[in-house]
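Please keep the sequence and the model at hand while reading.

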Amino acid sequence: MKPNRPTGFGGRGPRRPPPVQPSAPGLASRLAAAQAISEVLNFSRALEERAGEAEGAAASLDARDRALARSITAVSFRRLGTIRKALGRFLERGLPKRAGALEWVLIVAAAQLLFLDVPDHAAVDLAVRATRLDPGAAPFAALVNAVLRNLARARDEILAGSDPLDDDTPHWLAQRWRATYGDATARAIARAHRDEPTLDLSVKSDAEGWARRLGGIALATGSVRLESHVAIAELEGYAEGEWWVQDAAAALPARLIAAGPGMRVVDLCAAPGGKSAELAISGAKVTAVDRSAERLKRLAINFERLRLEAEIVVANALVFEAAPFDATLLDAPCSATGTIRRHPDVAWIKRQGDLSTLVELQSRLLDRAIALTRPGGTIVYCTCSLEPEEGEGQIAALLRRNPDVRRVPIEAQEIGGLDECLNAAGELRTLPCHLQGPTPRLSGLDGFFAARLQRKP
Ligand SMILES: C[S@@+](CC[C@H](N)C(=O)[O-])C[C@H]1O[C@@H](n2cnc3c(N)ncnc32)[C@H](O)[C@@H]1O
């Protein structure tokens, strides 16, 4: 192979993998995965942010290679702690300094060797080729070969010794979840993060019928859960706007408003619109506010397909003014640690220090939500976070500072009888280990918090 040597990699600046040089079958997908991993770990750039773009190196890949790059990337983050620990064991002197893209290439190869159905020789060979393409990493091609062969030989032992909480969860999160939920539940959360996420649909009506037609199951909560991930747009009912993709837990908060015809409801952080759609289906007059015009474009497209209507407003909810609404939904920006199973990179991007800024913003948004609601009206506050400061703590602080607000407990029958998802105060607290089904693919929920409040009449 005569690689077309790229320039500008390795040496100074953050380490990036080499650009795609698809000179060997399968190499391009590995390089694309390495690039995605480096962007997350070097620049804290969430994979979701790349999804709407050309996906960097993945842009030139065919559908199969792109799917493989995504699988490698996802499992690399799902099991990053185990992968790093295993690599560390065979890199006797640690990762060499100034080694260009070496680390990303090793992670990509280790992910295949440990977790994917890829022949060992292919994973190792492509890693060595990728190493040689990068001037910074190239001197370490023999090391890559040796480390990966050792790792493949020790595979069974590595997997048997890997712990979901201690190895595959960043230490600060493991510590917090232990403190908040206890050791057994923290472990169950981390265990649930190992599996691929579920594919849940929110349907306009007839969940049983759609479950039958699409080969899924109708959950007690009203969502339809499908067995496997498929090309969504090709499924029956998509083009007709009969359903949209939304985790079963994310479908719950909007329902707690019990919206209906004649009600004016505002969704203050609305885009891309899963919860606004839930509100609009009820016949309520919905105002969908978000500060991101880009994300509201997605809401508009979703609403058009679903044949739903909403007044769409690009605005910062902190300064948004309108006549008081009958009800307000605030799905506040948060650390998103409840979505790690769906977005495993989130675990490695977030920092403990991010929390206080978010908590402060949520608290201000919550005050604004109350001000925008008429006396006697309902406010539902929710976050897709497992961190109590963004959920239970936020509501406790609000009730202390604002005597005009009371909590209206949520009843189990409003959420499909899921008692395990309600706390003693009548707040919703779903965890990734809740709602166990017959297989991992049919099990679990995003981690959500929701509380229902009333502005006193
Ligand atoms: C958790 S997402 C909302 C998801 C949405 N509710 C759904 O179900 O599809 C949080 C949203 O809050 C928006 N946001 C953050 N700060 C905001 C602010 N000050 N005013 C309005 N929107 C804001 C973000 O742009 C983002 O779209």
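In this predicted model, helix 10 spans residues 183-192, and its buried residues are Ala186, Ile189, Ala190 and Ala192. Viewed down the axis of helix 10, these buried residues fall within an arc of 160°, so they line one face of the helix. The partner against which the buried residues of helix 10 pack is helix 9, residues 171-181.

**Cavities**

Rolling a probe the size of a water molecule over the atoms shows where empty space is left. How many cavities of 30 Å³ or more does a search of the whole structure find? The search finds three.

| Cavity | Volume | Lining by class |
|---|---|---|
| Largest | about 90 Å³ | eight nonpolar, two polar and three charged residues |

The largest cavity, with a volume of about 90 Å³, is lined by 13 residues, of which Arg78, Asp168, Thr169, His193 and Ile340 are the closest to its centre. Helix 3 and helix 15 each contribute at least two residues to the lining of this largest cavity.

The lining of the second largest cavity consists of Arg30, Ala34, Trp104, Val105, Val108, Ala109, Gln112, Ala123, Leu126, Ala127 and Ala130. At least two lining residues of the second largest cavity come from each of helix 1, helix 5 and helix 6 (120-133). Helix 5 provides the largest share of that lining, with five residues.

**Two loop residues**

Where does Ser223 lie? Ser223 is found in the loop between strand 2 (217-218) and strand 3 (224-226). With a relative accessibility of 0%, Ser223 counts as buried. Apart from neighbours within four places in sequence, Ser223 is in contact with Leu201, Ser202, Ile217, Ala218, Ala248, Ala251 and Arg255.

Gly444 belongs to the loop between strand 11 (428-429) and strand 12 (449-455). Is Gly444 buried or exposed? Its relative accessible area is 2%, under the 20% limit, so Gly444 is buried. Neighbours within four places in sequence aside, the contacts of Gly444 are Thr198, Arg225, Arg341, Pro432, His434 and Leu435. The C-alpha atom of Gly444 is separated by 24 Å from that of Leu279, a residue 165 places away along the chain.

**Strand pairing**

Strand 9, residues 373-383, takes part in two pairings described here. With strand 8, residues 325-331, strand 9 runs parallel, and six bridges join the two. Within this pairing, Phe325 has Thr373 of strand 9 as its bridge partner.

Strand 9 also pairs with strand 12, in the antiparallel sense, over six bridges. In that pairing, Tyr381 stands opposite Ala451 of strand 12. In a regular strand the side chains alternate between the two faces of the sheet.

Key: Residues numbered from 1 in each chain as written. Predicted model: local features only at pLDDT ≥ 70, side-chain atom pairs only at ≥ 80, totals over all residues. Heavy atoms only, no water. Buried < 20%, exposed > 50% of the residue type's maximum accessible area, 1.4 Å probe, protein only. Helix = DSSP H or I, 4+ residues; strand = E, 2+ residues; numbered from the N terminus. Arc of directions from axis to C-beta. Contact = heavy atoms within 4.5 Å. 1 Å grid on protein atoms, 1.4 Å probe; cavity = no way out; pocket = protein on both sides within 12 Å on 5 of 7 lines; lining within 4 Å. Points joined across faces, edges and corners; volume = space filled by probe spheres on them. Nonpolar A, V, L, I, M, F, W, Y, C, P; charged D, E, K, R; others polar. Pairing = 2+ DSSP bridges.
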